[in-house]
Amino acid sequence: MKKIKVALAGQPNCGKSTIFNLVSGIEQHIANYPGVTVDKKTGFFKYDKHKIEMVDLPGTYSFSSYSLEERVAKDFIIDEAPDLIVNVIDASNIKRNLYLTFQLLEIGIPVVVILNMMDVAKRRDIEIDSKKISEMLSCPVIEASGAKGIGGEDIMRSIVETSNNKHKYDEFKINYEELEPHINNVEEKIKNTLLPQNKRWLAIKALEGDQTIINRLKNEVSDIDGFIKVQEDSFHKKYDKDTVSFLASFRYDSADIIYHKTVNEKNIGKETLTDKTDKIILNRYLALPILIGIMFMVYQISIVWGYKLTDYTWPILAAFKNLVIDFLPAAYFTDVPLITDLTIWLVNSANALMNYIPIFFILFALIAIMEDVGYMPRMAFILDRVFKRFGLHGQSTLPLVLGGAMVGGCAVPGVMATKGIADDRARMATILAVPYMNCLAKVPFYTLLLGAFFKPDMAIMMFFISTITVFIAMIVSKILTSTILSTRETAPFLMELPPYHMPTFKGVIIRASQRVWVYIKKVVTIVLAVAVILFAMLQYPGLSKESETKYDLQLEKVLSLFDNKAKKSKYYEEVDTKDEVSELLNYYDGYKAKRMTSSSKEGAQSIDEDYIILNKSFFKFIKPRKDKEARKINKILRKLSTKRKRILRNIKNEKVENSLLGMAGRAIEPFSKYAGFDWKINVAFLSSFAARESAVATLGSLYENNKADNMRAEEAMAKNSGYTPLHAVAIIIFMILTPPCIATMIVVKMQTNSYKWMMFAIAFPVFLGITIASIIFTLGLNNGWSGLEAMTYFYILIVAIALIIGLFPSKNINWKGGMKLKVNGQVKVYKDN
Amino acid sequence: MKKIILGLAFVASSMFAHSAIMSCFDNGDGTITCEGGFSDGSSASGVKFHVLQDDKNIYESKMSEDSEVTFKKPSGAYTAVFNAGEGHKVYIKGSDITE
């Protein structure tokens, strides 16, 4: 079977992905282009004994600027040498689309042109003579409509025919008239290079100053830089023209000729449906309310409803975890094998991220719909002016909203939604800013602290906390974009508002599933790396010899108590050895864990049946029913299980306290004390970030309290503790500024494709948090501020900074000179006359 | 002093997106044990728990360090409620609690 490699190219919004889905069927593969986070979609299909591999290049307006997408697309053409290029054109916007077509034709490989959205063009009474286009460009031109599913067969046939007739292909050339001698010079200079591409194309690109091409040529022709400079200069001298704009104007003119000879727009100037809709959607007064409404719906459907769905999906994950546990070596009382501990830890970490899948599926589907409909660029258009001042992009809206612009969101989907932001710098800034937004899961934490320290001022404090986050996110992104991100590429805001389309069901589902699948694949690999490191940081160096003996003694005591009491039951001989007791204990705990994951009666029944098969004689101790003798064992078994859990918990706490992480908590006390944090708070923060379930246990028992008090936790906190409201404010400020969780950091790694940035996303907020908390705490301490005062000053400061950045124009006047006029004199002249 | 850390710890643990879960067993001796937790393995220690009967709270408590609560089985219909805050509540009807 013959193989054909096809590159699918087209401008943004030309409906390239609908064409891709139309022909490629379900055999699709999605990955990233090497080194960047641009999606590389590959589809496979068979036609007429040919196997066709189609790679969807990123949408690009031209092939001569330096955006990330164009570089990726060019690298693909150079490195992977496709057999032919399929160029998708928006038939309702043919003139501008043809500009790219000419650049593709010049590459020197056969091109198949697809006039997509023919239905839209027809509806707008645009008549297109596709035969004539085909003759003029001497390449096949196919009419299609991806959204309506028309033209797939023709496209496939044309790809195969074109590939089979490759020998008949004649090099495509635009006559660049005055520039021709220079093109020939460069072509001559590079004619012996080994690059397989068309030399004329390489020469033209080099003259255009295309760095991708020049760098490649440099490998073989070291003085190419200087040579091209000479050519450009001499051209400039002779004609007073720049090669770049000269080439561009030739291509535009060529596109214009095709347009005028083949297209007849009868309704030119008439208002289209899109124009009418835009009058409402982009209306000065309505645009913002509509945008807020749509954002609210996306938030509601994906985050709120998606969360409800997780009630149904998590039992699957929990069942998976139980299944894994079944295969792991069992614990022997408090002696849990390392491999068991580590594997459960890994599965827990992965499950925490997998729990987001329903949310993501809905979110990605909604994003796909908004992209297809054409709302995404409009949203960016509406808000770009505001966001630009902070180094962000109009498209940063959605991530920030999901991250928690409203009542509280979640940074994980927020960061995941940054994928579509075209501007690399703004995308990075958004990824790093989203974790500052109001994380839903932080809310109970604030509620608790406020209840304890700010009873009368709870409402105002809550208002401060929930509204300050967006200002902080803005300031942070401004700081980052004007410092470490300032060298990042930024795309000029070239936002096209495409006509509205109906999304296709198939396209939306395929895209959402693909993105979810990529998420799953990455989570597995990244979780493995991150979780293993954290596990080690929490486990080592482990318990001291004395502690081990201490816990062994405790266990012995508990076991002998069990043994004494078990003697009273007639079933004693079933549990009279240590091994038997251990087995029974694991049997009991395993049963309970499984029951936790089944909510239905039928589910519970089937677990019962499984456990009866597993060990019939043990089952009576779990469910003694009317059997009095078994009930005796059941009672002490339950106690034994509780006691074992307590010992395990204490062991874990001691391990964490002595672990590398615990040491870190102590080590930073000299700094953190300025924020009012002692080492206990430090360990609390560190372990809550790193280890979910251990955080509670750690601190719960480390600082074990007399359990018998009936005081409400909040009251007890205020009365028993040595902390003041000012301490609470410092803790709150730190909490506001620090990243919500390890899951967020993992998606940051995913989206930035770099562990360095992930580390930065952890370290910078922590540094910021501790610095600001220290400043506020120390100032407050010295000036005798109350907690509310400290928080108010902090709030005013942040809002003021944000407003100053927002109100000052981001562009300074960067020209000077001209005629120095004496202003006073000038005025006088007018007055005199 | 001690309590604040306890509280802090609990809330810190809830700083993860997760679903609240609870399951209850009838111990067969006139008591019911409910065990709470979160889907990511977080402990539910300290989470509020109450039992509703005719829209009235007839029992109120908190999850123990083992994320468990044991209470006397009420006569008549009742509902066990695990309350970890807005969006994190679980209701289980007494009639669904089996041995």
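**Exercise 1. In this predicted model, find which residue of β4(B) is the bridge partner of B:His50.**

Solution. Start with the two strands: β3 covers residues 48–53 of chain B and β4 covers residues 56–62 of chain B. They pair in the antiparallel sense, over six bridges. Now look across from B:His50 into β4(B), and you meet its bridge partner, B:Glu60. To finish, follow the chain through the turn: β3(B) and β4(B) form a hairpin with two residues between them. In that turn, B:Asp54 has a positive phi of about 50°.

**Exercise 2. Find which residue of β6(B) stands opposite B:Leu52.**

Solution. Begin with the strand β6, residues 79–83 of chain B, which is joined to β3(B) by five bridges. These two strands run antiparallel. Opposite B:Leu52 you will find B:Thr79 of β6(B).

**Exercise 3. Work out how helices α24 and α27 of chain A are oriented where they pack.**

Solution. First locate them: α24 spans residues 578–596 and α27 spans residues 628–658, both in chain A. Next, take the angle, about 85°, with the axes 10 Å apart. Angles of 65 to 115 degrees count as roughly perpendicular, and therefore α24(A) and α27(A) are roughly perpendicular to each other. Then see who makes the contact: A:Leu584, A:Leu585, A:Tyr588 and A:Asp589 come from α24(A), while A:Leu637, A:Leu640, A:Ser641 and A:Arg644 come from α27(A). Last, sort these residues: five are nonpolar, one is polar and two are charged.

**Exercise 4. What share of the residues in chain A is buried?**

Solution. Chain A has 833 residues, and buried residues make up 43% of them. For context, chain A contains 37 helices and nine strands.

Note on methods: Residues numbered from 1 in each chain as written. Chains lettered and ligands numbered in written order. Predicted model: local features only at pLDDT ≥ 70, side-chain atom pairs only at ≥ 80, totals over all residues. Axes fitted to C-alpha atoms, helices over the stretch in contact; angles between N-to-C directions. Helix = DSSP H or I, 4+ residues; strand = E, 2+ residues; numbered from the N terminus. Parallel < 35°, antiparallel > 145°, perpendicular 65-115°, else oblique. Contact = placed C-beta atoms within 7 Å. Nonpolar A, V, L, I, M, F, W, Y, C, P; charged D, E, K, R; others polar. Pairing = 2+ DSSP bridges. Buried ≥ 20, exposed ≤ 12 C-beta atoms within 10 Å, placed from the backbone.
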